[in-house]
Amino acid sequence: MSWSRAKKRSLALGLAFLAPNILGFLSFTLFPLVFSLILAFTNWDLRLHNIFRQETLRFAGFENFSRLLTERDFWKYLGNTAFLMMGIPFGIAGSLITAILLSRDLRGGSRRIWVYLVAVVLLVLGTGALLLAGAGATGMTILIAGLVGLILMGGTLGGSTVYRTLFYLPHFTAGVATFILWKKLYNPHTGPINNALRPLLQSFGSVIQATPPGVLRGIAWACLVGMAMLVLTALRRLSRAWRDGEAGRLSVVLGGALLLAPAALATRWAPWSEGGLALAGAAGAMTVLALAAAIVRKREFRCRHDEGLGFALMFCGVLMIAQFALLGLSRVAAALPAMAANPDGMTPPEWITSYYWAKPAIMIMGFWGAIGSNNMLLYLAGLSNVPQDLYEAASIDGASPMQRFWNVTWPQLAPVTFFIVVMSVIGGLQGGFEMARTMTQGGPAGATTTLSYFVYTQGFETGRLGYASGIAWTLFLLVFLVTLFNWKFGNKYVND
Amino acid sequence: MRHQHSAGVFVHRLAGAGVFHVVLTLLGLALVLPFVWMLLTSFKPLEEVNLENWIPTRWLPGNYAEVFETKGLQFGRWYWNSIFIASCVTFLQVFTSSLAAFSFSRLNWPGRNKVFLLYLATMMLPGLVMMIPNYQVMIELGLVDSYVGLVLPASFSAFGTFLLRQFMLTIPSSLDEAAEIDGAGKWRLYWDIILPLCRPGLITLTIFTFIGSYQSFFWPLVMLKSLHRYTLPIGLLFFDSSQGQQTNLLMAAVTMSVAPMIVVFVVLQKYLVKGIQLGAVKG
Amino acid sequence: MKYVFVFCALALVAAGTLTKLTEPDARSPVPVVYWATDPNPARIEQIRLFHEWLVKNGYTTPEGKPAIELRLDTVNFDSSKLIVQGVSGVAADIWDRGVPDLENYSLLADITEDARRLGFDTSHTYPALADLLSVDGKQYGFPCNVYVVNFWGNADTFAKYKMKPPPRSWDIETFERIGKEFVGKANPPGKRRTVFFTSAANATLLRVLARSEGLDQFNETLTKCTLDDERFARSLAMGYKWTYEDHILPSAADESSFATQAGYGGTHLSLFQQGNYGMIAIGRYMLIRLRDFASPPRLFLSHLPYVEFENTFVGTRAAGIYAGSSRKKESAWFLAFLASKEYNDNIVADADSLPPDPAATTTEAFRHPPEHPNEWGTHEAAARAAQTIAIVESRSPFIEPSSVGRIVNVRIQEVMTGRATPAQAAKDTAERINEEIQRTLAESPSLRARYEELAALQEKIDQYRREGKKVPLDWIKNPFYRRYYVHKGWAQEN
């Protein structure tokens, strides 16, 4: 291998420029990576292998991994992580809607601005005057009015930039500081959230008590029927894809499993088992019928097993989350009469100190940060790249705004959405550490312990570095699988 | 007639835009309310923090000074540490990344693309995997609980290299040839021509890195032992767990630690938005 | 752009120098010894006394200054953090957390020799603490102080609701009755409850309750967790009932809703002083901060309630020397100081729990501190409890106490949040602790032999008990059962 002088020179030059960076890269990225992989197969424990004590360090094979898979808490924490990830679609939808709102040109002629300005200035001045006069009891109303005025004024003057800045702030500042802030907001007795909810719930409670229980039970059942409808629609869509040769066996089976998961879990969660059973029975019966029909018609898979997997999983995944939402709603509706009958009236949830509310509380906080996140900015960029003539063509065809969205905007944004979903899923799998450490210590009773927090407690609180590396690599494996899956099947969906 | 028509359109447009403004304003209000509560609470006397009224009856700007004087905390020192460490990390990272990006984008050497691919591949790995061995390395080097131990591992990033490389690729290569004809070496090309031209990229990376480092939590949490070396996130955590019932002071501290980020963002958001939309994601 | 770079580099170098120079512990003319301890204001006075003591005992520099400087490290006093630091080689020289746990990791220096030479061997303190200071005949620590958990009550709060202070010693029925009366009188109906009998149900209270029925967390030989027992389930159920049905104890939500100034000793003390809690279960050290309040309340002392066998926890904040310390010799002087009269008198005056030397609790200065008449009557009661009903917490050599604590606490949370029934939680606690014990044995095979030996002994004890024979006392390793067996007349004393 004889390289010319020039080639050697260029190599030397290239490496010289690269040197400072690559040295750091090798010592703080590549080396740790290899080292941790080795660590994951040993019984390295800080408490047993240190400068004062040397128990034999041994190669443990897959011991760490097999222990992890048999550890009962691992599955619970994996479940917690998955539960929290169900907030992702809501966050993405929020970002998309916000981006669409922002993409409108909100700045107009000078006359319009003046109209707003005068109104806003009056609002702000009035608020200020009242504040100075020491209006205490109505202070909150004035505060809100003043804020609305300020934002509106900013928005009219500065256009979408001002709104964008506001929306992006929660995401930008997210960190220990804002987690501590939310911990205070969520305080069950004295936090502002429950202070605001309490009077609302009190009056709501009397409304509930005045409603005949049948109505609420009806609502609860309606939600369940809604779930069944979703399953039915999805199954029909799946079977159509199957018939058209767009979905393979694996896709249909996995998609179906996702669809039926809520019903299956409902039998465990639902407070009234007959409801859950009925539900699971109905869903099961539908599937069996669908399968039977397919068999009777001698339908065959006309494509590879994994054809259309990306579509099937995404579609069924979103519907699964919608089902969970309906399920939750139905449970709340069913529990309402009992809650309203409480002698203290209806009380707001105890958020992060309650086992059942801790995860939803974290998801709400996540939603707050996710609406105006990078995703919104990416969508904004994506929207500005949609060719205008597509909209014009749609308008000529007489498409309604809704149709324009589904037929033009949504497909055009598919690559952006795909990128966002991949990044969010990766982030979601690894997430939750900061918030668990800051707000809940993983509690109550482990309700908010995610996998990343589990790694932290095992590695840095109990010193089992080998085991912790094993968990971290298992987590990596999950991330890797998701990414691989996305690239393999997602790309196709995007290119459709 | 014409006048009437235009007035009608005006009113119609006004109403249309008005709906959007109202929706956006309400959304903005909902997102900003937590911050408003934080700010107002930080001015309250302690006995009012639990009241339903958000507005203090007695305004106490002195709460802010009190945070610095509270016994058991070293808030001023933490503030300084955070900014100092973040600055060091940012400087080193921007500098080394720009060198590497230059090498990846303007120099042609054998094996370049393979090395770059390796860089890209590691961006996908969860940082968590690297933490444990890095901690072990820090133990061996005796850098646990030191500023160097905080700054060094964070100073080299594949992401920064990637971002700057994308920027440098947009600079036309004819410049290089012109410089070469003028007899300028590669260093001159980098130092005098490419660096000034990718200013927006450098600024974007600076913001990302600074904010990322200012916010970083896991690594300082594991590494820091001494109270006077704490950074703000760790300090806030300590504040919350030791004296967190003093909600007004805690909120003053939170406000102060969020404030620099808000300022940075509002002033430099143009660069940030551009950077993110280039396909980069805050990391 | 390049000037910006150069300017930034220079500015950062300057800032770095400034940062380095302003480090608080930049330099000291004499060697510095670090003491990892809790952020208690009393430590400052104790350090001053120590420096004086050094001079008095001739540990000086040629100029007559103290030969070493003792400094506090109050951030890293949590024992799990100390372990990780200790094994990393960067830690304070003197630690006063959990001597036996740290010895498990070989992190403490053997001080038997120094103790004999400088006069701080275990004969200078309470015999009951021996388990916590020595392992296999080697001494690893000496107490900074000794604490006993009792209810310290606010007599003024009780008077406000026209109630007499409760009796010194009470069974659970009495406790519950008085508690209900108290919260009933203190909280106006229909409003959020802000006054509670005492702070939230915690592991200490619930384990003391189980012990009062004769059940400890470990068996007689410390080889197995025995909490899978209806007696522990009963105490869990009791905690739940007191919190959610009788409302005599606050729930987690109630607790997080108080707004108060906090400082050393946590928020409980402020809440106690303000009258939100009628009593708190704590050691005598809480008096330090209580004395800081403008008008400390009149105090009374009651034991923890019991079912059948009255008992409570005693413990010690024992100081040990880090095995990796480069100043072991100098650190030993500090331990000698802990056994001195100066230090004991300081603890008596300062009320930083009980002094290491029991003799110091018999003085008039201890019993009736002239400036604090509101405390009279409680001091000797606390000292007596330490000598009568107090038993140290049992620790198994096969599991870290912090793991036990974590497992027990999560199960208590599960019961308190309605996630698990008391019986399930009790079963789960024992299962998890026993799994953890097996895991430790698998990880450290060197422990196996001792475990087998003890397990065989346990079988013998069980057999003796079945046959109704008296068990030789030295078979029993669990300090609780040593006392309980004697109480029940099951032990054969020798």
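User: What makes up the accessible surface of chain C?

Analyst: The accessible surface of chain C is about 20,100 Å², and carbon and sulfur atoms hold 53% of it. Areas come from the Shrake-Rupley method with a 1.4 Å probe; for residues, only the protein chains shown count as cover. This is a predicted model: local features need pLDDT of at least 70 and side-chain atom pairs count only at pLDDT 80 or more, while totals for chains, interfaces and linings use all residues. Residues are numbered from 1 along each chain as its sequence is written, chains are lettered from A and ligands numbered from 1 in the order in which they are written, and side-chain values use heavy atoms, with hydrogens and water left out.

User: How many helices and strands does chain C have?

Analyst: Chain C has 21 helices and 13 strands. Both are DSSP runs numbered from the N terminus: helices are H or I with at least four residues, strands are E with at least two. Buried residues make up 56% of its 494 residues. Of the contacts in chain C between residues at least 6 apart in sequence, 71% join residues at least 24 apart. A contact means heavy atoms within 4.5 Å.

User: Why is the pair B:Asp240 and A:Lys183 called a salt bridge?

Analyst: The rule asks for a side-chain nitrogen of Lys or Arg within 4 Å of a carboxyl oxygen of Asp or Glu. B:Asp240 and A:Lys183 stand at 2.6 Å, N to O, so the pair qualifies. The bridge crosses between chains, from helix H12 (residues 232-243) of chain B to helix H8 (residues 176-185) of chain A. Over all chains, the rule gives 38 salt bridges.

User: What makes C:Asp345 and C:Lys341 a helix pair?

Analyst: Both lie in helix H15 (residues 341-350) of chain C, 4 residues apart, about one turn of the helix. C:Asp345 is at 36%, so C:Asp345 is partly exposed. C:Lys341 is at 58%, so C:Lys341 is exposed. By contrast, C:Arg211 and C:Asp216 are both buried; they form a salt bridge at 2.9 Å, N to O.

User: How do you know that C:Asp428 and A:Arg72 form a salt bridge?

Analyst: The N to O distance is 3.3 Å, so the pair meets the cut-off. Across the interface of chain C and chain A, 5 salt bridges are found. A salt-bridge network links A:Arg72, A:Asp73, C:Arg411, C:Glu414, C:Lys427, C:Asp428, C:Glu431, C:Arg432 and C:Glu435.

User: What area is buried between chain C and chain A?

Analyst: About 2,900 Å², with 46% from carbon and sulfur atoms. Buried area is the accessible area (1.4 Å probe) that two parts lose on being put together, summed over both. C:Arg419, C:Arg439 and C:Glu443 supply 21% of what chain C buries against chain A, more than any other three residues. In terms of contacts, 35 residues of chain C meet 31 residues of chain A.

Terms used:
Buried means under 20% relative accessible area, exposed over 50%, partly exposed in between (1.4 Å probe, protein chains only).
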